[in-house]
Amino acid sequence: MRRLSLYLASTVAAAIALAACSGMTGTPQSKMSFFLTSTNPGKGADFGGLAGADRYCQSLAASAGAGNRTWRAYLSNSALAGSPAVNARDRIGSGPWLNAKGELIASNVDGLHGPDNKLSKQTALTEKGQVISGSGDAVTLHDILTGSSPDGRAVSDGKDNTCGNWTKSGEGSAIVGHHDRRGLDDSAPAKSWNSSHPTSGCSLDALKSTGGGGLMYCFAQ
């Protein structure tokens, strides 16, 4: 009986020690510093500007247990009367960035915008750790809103590339990238994660018509 009691005591102690170690290590999502939004808040490309987009990233991160970081939407703003351009690459901190599984996306800003980043359909996971459908799937949602050039900067060509700096849900247009790095051909834009083509409008229906769902990338600063 005494041996059984000692065995049970040692088993319980081992379980407590294991739980303590697990708590110190943390879950992959607690270390998450990058995700693709799992859904759109409901107004297409109108997030209420950059501030609203940031709040949305923050709320999704919090729902996944990663709200202890400062989150920013990977979106650029065009230069408008009275307001300068804002570059997406300048908003997201210095890296490194890990997805919900703890997989490295990029070590720094230059690496993120270079040829060796690890962003793909299988690594551009949502805050829930889920894969978003892409080209070839029953529903294509690979168009990800960025309003950016391939190097992560605002595009100054006189066109609406940001759906009115993320305040429009009707007419307008925004630049999107392909999270699955696939398109209609093998051109660089078709394979770009952040700068593939403009949308045909800013509403959810318009975004869906070109293969999107009003999703965006979020990074922890």
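**Cores, a helix and an aromatic cluster**

Biologist: Which residues have the most contacts inside the largest nonpolar core?

Modeller: W71, L75, L145, W166 and M216 have the most contacts there, in a core of 26 residues. Bear in mind that this is a predicted model.

Biologist: Which element gives the largest share of this core?

Modeller: Helix α2 does, with six residues. At least two residues each come from α2, β2, α4 and β8.

Biologist: And what does W71 touch?

Modeller: Leaving out residues up to four places away in sequence, W71 touches a list that includes F34, F35, D54, C57, A61 and F219.

Biologist: How many residues are in the other core?

Modeller: That core, which lies apart from the largest one, has 18 residues, among them I92, W97, I132 and I144.

Biologist: Back to α2. What span should the helix have, and how far apart are its end C-alpha atoms?

Modeller: Helix α2 covers residues 49-63, which is 15 residues, so at 1.5 Å a residue it should span 21 Å. The end C-alpha atoms are 22 Å apart, which agrees.

Biologist: Which of its residues are buried, and what do they pack against?

Modeller: The buried residues of α2 are G49, L50, G52, A53, D54, Y56, C57, L60 and A61. They pack against β1 (34-36), β2 (71-73), α4 (163-166) and β8 (212-220).

Biologist: What happens just after α2?

Modeller: G65 takes a positive phi there, about 85 degrees.

Biologist: New topic: how many aromatic pairs in the whole structure?

Modeller: Eight. One of them is Y74 with F219, which is tilted, at 5.8 Å centre to centre and 45 degrees between the planes.

Biologist: Are Y74 and F219 buried or exposed?

Modeller: Both Y74 and F219 are buried. F219 also pairs with W97: the centres are 5.2 Å apart and the planes are at 85 degrees, so this pair is edge-to-face. W97 is in strand β3 and F219 in strand β8, so the pair links parts 122 residues apart in sequence.

Biologist: Which residues form the aromatic cluster?

Modeller: F34, Y74, W97, W193, Y217 and F219 form one cluster. W97 has a relative accessible area of 0%, and F219 has 0% as well.

Biologist: Where does pLDDT stay under 50?

Modeller: Over residues 1-26, for which the model has one contact beyond four places in sequence. The protein averages a pLDDT of 89, and 86% of the residues score at least 70.

Definitions and conventions
Residues numbered from 1 in each chain as written. Predicted model: local features only at pLDDT ≥ 70, side-chain atom pairs only at ≥ 80, totals over all residues. Heavy atoms only, no water. Helix = DSSP H or I, 4+ residues; strand = E, 2+ residues; numbered from the N terminus. Expected span 1.5 Å × (residues − 1). Buried < 20%, exposed > 50% of the residue type's maximum accessible area, 1.4 Å probe, protein only. Contact = heavy atoms within 4.5 Å. Phe/Tyr/Trp six-rings, centres within 6.5 Å; stacked < 30°, edge-to-face > 60°. pLDDT = per-residue confidence, 0-100. Core = buried A, V, L, I, M, F, W, Y, C linked by side-chain atoms within 4.5 Å.
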